[in-house]
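Me: I have a model open and would like to go through its side-chain contacts with you. Could we begin with the rings and then turn to the charges?

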Amino acid sequence: SSGINAEYGGRKALAVESDTPVWCRKRSIMDPVFKRSALVGLVEPMKKTLQDLGQYLSAREGMLEITQVMKWVTMDIYCKCFLNFGCDFIAEGQSELNESCSEVFRIVDFAQKNGPLFALPWRFREEKQRLASALKFLRITIKEHLEKRLEEIERGETHSHDILDHIVQANTRRGMPDVEDILDDLSS
């Protein structure tokens, strides 16, 4: 993934680090999220996604691309629990958000299968362009959502107690956080 990191997704997207000061800071931000009390609050969004999946499958006839549907389920849970997005990956089918997330899944999987060859600048140019485009769209989408969330926090409005809240709160303790820094934390 260092080849992907060097070329795509903003400043530090898809970075894989461990045992570095940056990694330790990011880990300390995420640790509270995985306490039992925080996880209990995420059960309802997960349950809602599984109910939506049941309705989707009940209404479907004929063949089904189960791999794609499971990716939608994964992204639905991720976006509801992590970012409290109001989207519905299962019902929306091939929306731009769904397609961008799916493209990242496909190309990261492709990059892993091709190992160091993917990092070579002259190899897989089309895939790299598609990955860059999908990551750009996702970063812009998450940035807009994050900016709205920070505005709500500044106005003192209640927020959703999702994983993003824990990240924002950890960054807020050091003053009002920089949106780009939080985006880097989210993407790495």
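**Aromatic pairs and charged contacts**

Reply: The structure holds 3 aromatic pairs. Please note that this is a predicted model.

Me: Which aromatic pair is edge-to-face?

Reply: F110 and F124 form an edge-to-face pair, with 5.0 Å from centre to centre and 90° between the planes. This pair links distant parts of the chain, since F110 belongs to helix α7 (residues 96–114) and F124 to the loop between α7 and α8, 14 residues apart.

Me: Is F110 buried or partly exposed?

Reply: F110 counts as partly exposed because its relative accessibility is 27%, and the range for that class lies between 20% and 50%.

Me: And F124, buried or exposed?

Reply: F124 has a relative accessible area of 17%, so it is buried. The cut-off for buried is under 20%.

Me: Which other ring pairs with F124?

Reply: F118 and F124 form a stacked aromatic pair, 5.8 Å centre to centre, with 20° between the planes. F118 is buried as well, because its relative accessible area is 3%.

Me: What do the ring pairs make of F110, F118 and F124?

Reply: The ring pairs link F110, F118 and F124 into a cluster.

Me: Changing topic: how many salt bridges does the structure hold?

Reply: There are 7 salt bridges in the structure.

Me: Which side chain meets R106 in a salt bridge?

Reply: The side chain of E103 does, at 2.5 Å from N to O. R106 and E103 are separated by about one helical turn, because they are 3 residues apart in helix α7.

Me: How accessible are R106 and E103?

Reply: R106 is at 33% relative accessibility and therefore counts as partly exposed. E103 is at 10%, so E103 counts as buried.

Me: Which salt bridge involves R130?

Reply: The side chains of R130 and E103 meet in a salt bridge, at 2.4 Å from N to O. This pair links distant parts of the chain: R130 is in helix α8 and E103 in helix α7, 27 residues apart. R130 counts as partly exposed because its relative accessibility is 32%.

Me: Which residues are linked with E103 in a network of salt bridges?

Reply: The network of salt bridges links E99, E103, R106, E126 and R130.

Me: What about D109, which side chain does it meet in a salt bridge?

Reply: The side chain of D109 meets that of K113 in a salt bridge, at 3.0 Å from N to O. Both residues lie in helix α7, and because they are 4 residues apart there, about one helical turn separates them.

Me: How do D109 and K113 stand in terms of accessibility?

Reply: D109 is partly exposed, with a relative accessible area of 34%. K113 counts as exposed because its relative accessibility is 66%.

Me: Now the surface. Where do negative charges gather?

Reply: E144, E147, E151 and E154 gather in a patch of negative charge on the surface. One of these residues, E144, lies in helix α8 (residues 125–154). At 46% relative accessibility, E144 counts as partly exposed.

Me: Finally, the overall fold. How many helices and strands does the protein chain have?

Reply: The protein chain has 10 helices and 0 strands. Read along the sequence, its pattern is α-α-α-α-α-α-α-α-α-α.

Me: And what percentage of the protein chain do buried residues make up?

Reply: Of the 188 residues in the protein chain, buried residues make up 38%. E103, F118 and F124 each count as buried.

Definitions and conventions. Residues are numbered from 1 along each chain as its sequence is written. This is a predicted model: local features need pLDDT of at least 70, side-chain atom pairs count only at pLDDT 80 or more; totals for chains, interfaces and linings use all residues. Side-chain values use heavy atoms; hydrogens and water are left out. Patches are made of residues with over 30% relative accessible area and no salt bridge: like charges are joined within 9 Å, nonpolar side chains (Val, Leu, Ile, Met, Phe, Trp, Tyr) within 5 Å. Accessible areas come from the Shrake-Rupley method with a 1.4 Å probe; for residues, only the protein chains shown count as cover. A salt bridge is a side-chain nitrogen of Lys or Arg within 4 Å of a carboxyl oxygen of Asp or Glu. Lys and Arg count as positive and Asp and Glu as negative; His and the chain ends are not counted. The place of a charge is taken as NZ of Lys, CZ of Arg, CG of Asp or CD of Glu. Helices (H or I, at least four residues) and strands (E, at least two) are DSSP runs, numbered from the N terminus. Buried means under 20% relative accessible area, exposed over 50%, partly exposed in between (1.4 Å probe, protein chains only). Rings of Phe, Tyr and Trp (its six-membered ring) pair if their centres lie within 6.5 Å; planes under 30 degrees apart count as stacked, over 60 as edge-to-face and the rest as tilted.
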